[in-house]
Amino acid sequence: MVGLDSRGRKSAVAAGRFDFSGYLEPRRYDYFIGEQKLRSHQVFRIGAGQMPDWKRLVDEHAVRVFRVAVRILGCIEDAEDVSQDVFTEAFRLQEQHPVQNWTGLFVRLATLRSLDRLRRLRESQPLREGDRISTAGPFEAAVANELAARLRSEIGELPEQQAAVFTLFHFEHLTRDEISASLGISPEAVSTALYKARQRLQTKLAFLQHGESR
Amino acid sequence: MNGEHANPEFDGLESPLDLAVRAVLAEPLPQEAIDRVKSRATELAPRADRRIDHLGARGIKIWKRPLARLAVVAAACLVVLGIWLFVPGRQTTVQAFNQLAERLVAAKTARYDMEVSTEGEAKQSMRAYYLAPGRFRNEMHIDGVVSVIDLAAKKMVLVNPRAKRVVILNWKGNPPKTATVGNQFERLRLLLSKSHEASDVRYERIGEKQIDGRRAVGFRLDSPAVDVTLWGDPATGYPVLVETVWSGRPLSKTTMKNFEINIPLEASLFEITPPAGYTVQSLDAEYAEPSEQGLVNAFRTASDIGQGRFPDSLDTMGMMKLLEKAFGKGKKKPSDAELKRVMKLAMSVGSGYQFALDLPESADTHYAGNGVERNAKDRPIFWYKPEGSSKYRVIFADLSVKDEPTAPQVPGAQRIKKTSQTATPAAK
């Protein structure tokens, strides 16, 4: 996917990838989900800072990063990979630019990187069943696995912003304002995205209620 | 927290979406997985601290490229797999070997120490670097000579800081895939990437040993062309030591160790622009697609250099003897013009030989031109059986080519082995 940057150029950055190299102005970094420009400088404002206590940051955020990833991906191994990716990317970012809002950065990176991977997995292979997580008895586990897999599959079909908002709201239980802060979009945009996501997912999953085959 | 959907704006999910969300939320979070994430993430700090000291801005850019980042993630994932693959009984020896080899084949960057021992020559040791795709740098410990190869730019640059001299070799045309332009790492990577396709390869586990204080598990790949020993660290899944012995003449052994794989490397390491103030000599080398006619032309050129006689062999030793003859005995330092001339001849011969060296085992390829005079009557010097053909193609000393129903019987004919780039006496 190729998005447009703030100057209307096609850009991988605009496609939702962090890459501060090249054209971005120093001390202000626009960030994009899909083709919509977000105000990421509100999320992690760059200033003169110091090397953080990395171990403390990891201890504080590892659970959340992993949780976001595993909720979206439903696969422990993939979630671990994404988590590692997130921490690596975050570390690289702070080496160049001190980060003020680590929680926002981690939440956003974890969400977007997980959604990236979810989409790639959908493109390259059917969702894997063997390494999924199950908790209940065989029947309940099968039903739960089916529901979870269907939901993840449909989330992967959503526009990235809708998917991010939906997962942060329902899986992380963040409030509208927290999502707004994490993703750097307005609270109104959060509401709109969530509404659209829910509508679409309800439609897509309705067949389960009515016993129809998809 | 949003109060478990208590926000009236998002009032109550409808089933089955509600059920699906609950199903996702009911999934457990394995503590051991979280611990692994923490452990690996925590390790980023000291490693990155060391790296950043010598990273230039361009190096950082490399690191920031998605591919490079993905490589690191993949590497982290492989660490977990590495523990699994070395446990005896969980994988076959072939699988275990190939998993380990894959670390090298799939590497995006690498830094390692290398020693090359070639029969009859002094051992060379160097610090080596690799940046995908196709960029290599070797820093010789003696003399400080640096060689940089950029396959995409089709250049090899030799920098001699003491003499303040740079030699640039420009390849014209597309080098054949098997032409590894003398880089041992690429040669090894090519070998390892193809080894699973070979039918005459044997794999074995060779036990454990301590290497630089680390426990390492060893595997050996044995083929007619090469013997590769890979020692891997079961804790990380990465190679620790790779020893490669290439058959043929001269016998060549390569040892690679102290691997650092998928680390950020400065692009400036692979700079092919000569430093200011250095004398620059530029040479062109032409590579043609390997063909039978190219081989015939190579035999013609080689016999010209050999004053009417064909070379002893098609391997490195044979080529070195040929070059000695081309330079002429007693000459210590060839002029630039002479160097250019010989280099052109060598490239022409080398690319011609490549046709023979690329032929599959089933081609039953042989060379019998050792010392034979050109135009010797009815004297076969080379033959092979094309794929799907019942007849042999035979090149004679007069450089004519004919189809023959059977292979010529010539005492002392050398069998040419694919990928080995060597010729050894046939068992006939």
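Is Glu172(A) buried or exposed? Glu172(A) is buried, at a relative accessible area of 4% (buried means under 20%, exposed over 50%, partly exposed in between, with a 1.4 Å probe and protein chains only).

## About the model

This is a predicted model, in which local features need pLDDT of at least 70, side-chain atom pairs count only at pLDDT 80 or more, and totals for chains, interfaces and linings use all residues. Residues are numbered from 1 along each chain as its sequence is written, chains are lettered from A and ligands numbered from 1 in the order in which they are written, and side-chain values use heavy atoms, with hydrogens and water left out.

## Salt bridges

Let's stay with Glu172(A), whose side chain meets that of Arg67(A) in a salt bridge, 2.7 Å from N to O (a side-chain nitrogen of Lys or Arg within 4 Å of a carboxyl oxygen of Asp or Glu). The two are 105 residues apart: Glu172(A) sits in the loop between α6 and α7 of chain A, and Arg67(A) in helix α2 of chain A (helices are DSSP runs of H or I, at least four residues, and strands runs of E, at least two, numbered from the N terminus). Arg67(A) is partly exposed, at 22%.

Helix α2 of chain A also holds Lys55(A) and Asp59(A), four residues apart, about one turn of the helix. Their salt bridge has its closest N and O atoms 3.1 Å apart. In chain B, Asp364(B) and Arg415(B) form another, at 3.6 Å. Asp364(B) lies in a loop and Arg415(B) in strand β17, so this pair ties together parts of chain B that are 51 residues apart in sequence.

## The nonpolar cores

The largest nonpolar core has 61 residues; Trp54(A), Phe87(A), Leu151(A), Ile155(A) and Phe166(A) touch the most other members (a core is a set of buried Ala, Val, Leu, Ile, Met, Phe, Trp, Tyr and Cys residues joined through side-chain atoms within 4.5 Å). Helix α2 of chain A gives the most to this core, 11 residues. Beyond its neighbours within four places in sequence, Phe166(A) is in contact with residues including Leu151(A), Ile155(A), Leu17(B) and Val21(B) (contact means heavy atoms within 4.5 Å).

## A look at chain B

Chain B has nine helices and 18 strands, and 47% of its 428 residues count as buried. Helix α7 of chain B, residues 292-305, reaches 20 Å from its first C-alpha to its last, close to the 20 Å expected (1.5 Å times one less than its number of residues). Among the buried residues of α7(B) are Leu295(B), Val296(B), Phe299(B) and Ile305(B).
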